[in-house]
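This briefing sets out the main features of one structure.

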Amino acid sequence: MEDKPIDKQDILKELEELHSLDHDYADGRILGSMCTEAHPFAKEVYCKFLDTNLGDPGLFKGTKQIENEVVKSIGELLSLDNAYGNIVTGGTEANLMAIRAARNHARKYKGITDGEIIMPASAHFSFKKAADMLNLKIVEAELDNNYKIDVESVKNSITDKTVAIVAIAGTTELGLIDPIEEISKIALEHNIYFHVDAAFGGFSIPFLKEIGYDLPVFDFSLEGVCSITVDPHKMGLAPIPAGGIIFRREEYLEVMAVDSPYLTVKTQSTIVGTRLGASSAATYAIMKYFGKEGYSKLANDLMENTKFFAQSLKELGYELVCEPELNIVAFNHPNMQTNELAEKLEELGWEVSVAKCPIPSIRVVLMNHVKRNHLEELLNDLKDIF
Ligand code: 0PR
């Protein structure tokens with residue numbers, strides 16, 4: 001740090017120079033991101049709440065009410081009337097909270113001290129962090145022929161140490177929805193905590209279903225589902241950071257509570273102490289502003305782009321890893337290694353993401369910033385590569 005203050009204009013100039021090195025979503029070149037440019041209205045609201053701190057909610061009663069309202073609305077979207085939970089920093093923190101709740105619950109009610117969690121190979125790496133921090137062993141369930149969690153494999157993986165089963169509604173790499181209904185039954189039968197990671201799919205599947213897409217049930221209408229991660233900062237168009245963790249019962253928050261004697265509330269269940277109220281306010285605003293109609297239109301538009309892109313790829317001789325269920329397309333060309341194809345695309349200025357599971361492939365997440373004209377440009381480049 002310099003000794004003397006620096007002029008604002010000089011600081012801003014320096015920051016702008018560095019900021020100009022960043023990619024801009026609007027140029028349509030970011031192909032592998034689940035985040036996108038937040039809606040301007042959500043950003044405007046976010047700025048108004050920058051100083052609010054939900055770590056001490058008695059001081060920010062209005063903002064706490066906003067968080068409660070957002071949790072309630074997301075819960076209702078997921079078929080739950082009385083939702084508990086929080087707006088957190090993202091899917092990683094939401095998943096960490098879910099697994100912590102499951103572990104503590106199993107410790108308290110079943111006496112399990114060296115627990116295991118069952119999850120598919122397609123689970124997001126945030127669960128590895130959670131397992132590491134919470135001292136749990138990951139038991140990887142196999143994938144079936146459709147690259148979804150194999151139900152028999154889950155059954156066979158259950159032991160008396162299992163503290164949670166995890167399934168995904170919108171996998172990170174392929175956007176697939178696991179057979180959550182079947183897993184829910186197994187979890188109920190064995191009295192095991194069941195967490196659904198819908199970080200990506202949570203803000204699209206309910207809307208797509210409402211407008212007639214034939215997608216499987218993944219939410220709290222399934223009795224075995226104990227918690228769901230759903231991220232406003234992905235398909236919800238809220239500014240980063242905004243993740244959501246929704247619990248079916250308050251007891252899952254209670255088993256995580258630690259005393260916070262000198263605060264305005266006497267216990268705290270979240271991982272983060274001082275935490276943003278702005279994320280809740282921005283999410284509240286955009287959910288009201290869009291309504292079901294707005295989100296249905298967004299989800300449908302992105303699915304239309306997905307179908308167009310998938311079909312065009314096939315016409316060019318590319319092979320899809322699977323038929324897309326949500327707005328992610330993973331593909332390869334039979335005559336070229338994935339890494340070589342990725343390099344060529346990078347040379348042409350595309351920011352591509354290479355998926356690893358179940359096979360290496362180029363993965364495009366068709367978020368709101370990837371417009372039809374960008375896809376056409378990309379398809380042209382994909383054509384010219386051969
Ligand atoms: N669960 C699922 C299913 C996810 O796909 C992700 C992240 C998470 C949890 C973790 O969420 P947070 O990253 O919010 O903690 N999925 C993306 C990924 O890892 C996140 C991402 C976003 C990556 C933008 C790149 C990027 O440019 O691929």
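How many bridges join strand β11 to strand β13, and do these strands run parallel or antiparallel? Strand β11 (residues 328-332) and strand β13 (residues 361-365) are joined by 4 bridges and run antiparallel. The model is predicted, so local features are reported only at pLDDT of at least 70 and side-chain atom pairs only at pLDDT 80 or more, whereas totals for chains, interfaces and linings use all residues. Residues are numbered from 1 along each chain as its sequence is written, and side-chain values use heavy atoms, with hydrogens and water left out.

**Sheet with β11 and β13**

- Helices (H or I, at least four residues) and strands (E, at least two) are DSSP runs, numbered from the N terminus.
- Four strands form an open sheet in the order β10-β11-β13-β12, with antiparallel pairing; two strands pair if DSSP finds at least two bridges between them.
- Because β10 (319-320) and β12 (353-355) stand at the edges with a single partner strand each, one side of each has no neighbour in the sheet.
- Within this sheet, Ala330 has Arg363 of β13 as its bridge partner.
- In general, the strands of a sheet pair through backbone hydrogen bonds, in either a parallel or an antiparallel manner.

**Ligand site**

- The ligand is surrounded by 18 residues, of which Thr92, His124, Thr172, Asp197 and His233 are the closest; a residue is counted if one of its heavy atoms lies within 4 Å of the ligand.
- The shell around the ligand divides into 4 nonpolar, 10 polar and 4 charged residues. In this grouping Ala, Val, Leu, Ile, Met, Phe, Trp, Tyr, Cys and Pro are nonpolar, Asp, Glu, Lys and Arg are charged, and the others, Gly among them, are polar.
- Helix α4 (residues 91-110) gives the most to this shell, with 3 residues.
- Domain 1 (8-39 + 292-385) and domain 2 (41-287) each supply at least three residues of the shell; the domain bounds come from an automatic or database domain assignment.
- A polar side-chain atom of Thr172 is 2.7 Å from an oxygen atom of the ligand.
- For His233, a side-chain N or O atom lies 2.9 Å from an oxygen atom of the ligand.
- For Ser33, a side-chain N or O atom lies 3.3 Å from an oxygen atom of the ligand.
- Of the 590 Å² of accessible area that the ligand has on its own, the protein covers 76%. Accessible areas come from the Shrake-Rupley method with a 1.4 Å probe, and for residues only the protein chains shown count as cover.

- His195 is placed in strand β5 (residues 193-197) and counts as buried because its relative accessibility is 0%. Buried means under 20% relative accessible area, exposed over 50%, and partly exposed in between (1.4 Å probe, protein chains only).
- The side chain of His195 makes polar contacts with the side chains of Asn95 (2.9 Å) and Ser227 (2.8 Å). A polar contact is a pair of N or O atoms within 3.5 Å; within protein, one must be able to donate a hydrogen and the other to accept it, and residues adjacent in sequence count only if both atoms are side-chain atoms.
- Thr229 belongs to strand β6 (residues 227-229) and is buried, with a relative accessible area of 0%.
- From C-alpha to C-alpha, Thr229 and His195 are 8.0 Å apart in space, with a separation of 34 residues in sequence.
- Arg248 is in the loop between β7 (243-247) and α9 (251-254); a relative accessible area of 16% makes Arg248 buried.
- Arg248 and Ile186 are 62 residues apart in sequence, and their C-alpha atoms are 18 Å apart.

**Backbone geometry**

- Ile240 and Pro241 are joined by a cis peptide bond with omega of about 0 degrees, and Pro241 is in the loop between β6 and β7.
- A cis peptide bond also joins Cys357 and Pro358, with omega of about 5 degrees; Pro358 is in the loop between β12 and β13.
- Tyr147 is not a glycine, yet has a positive phi of about 65 degrees. Tyr147 is in the loop between β3 (137-141) and α6 (151-157) and is partly exposed, with a relative accessible area of 25%.
- Leu237, also not a glycine, has a positive phi of about 60 degrees. Leu237 lies in the loop between β6 and β7 and is buried, with a relative accessible area of 5%.
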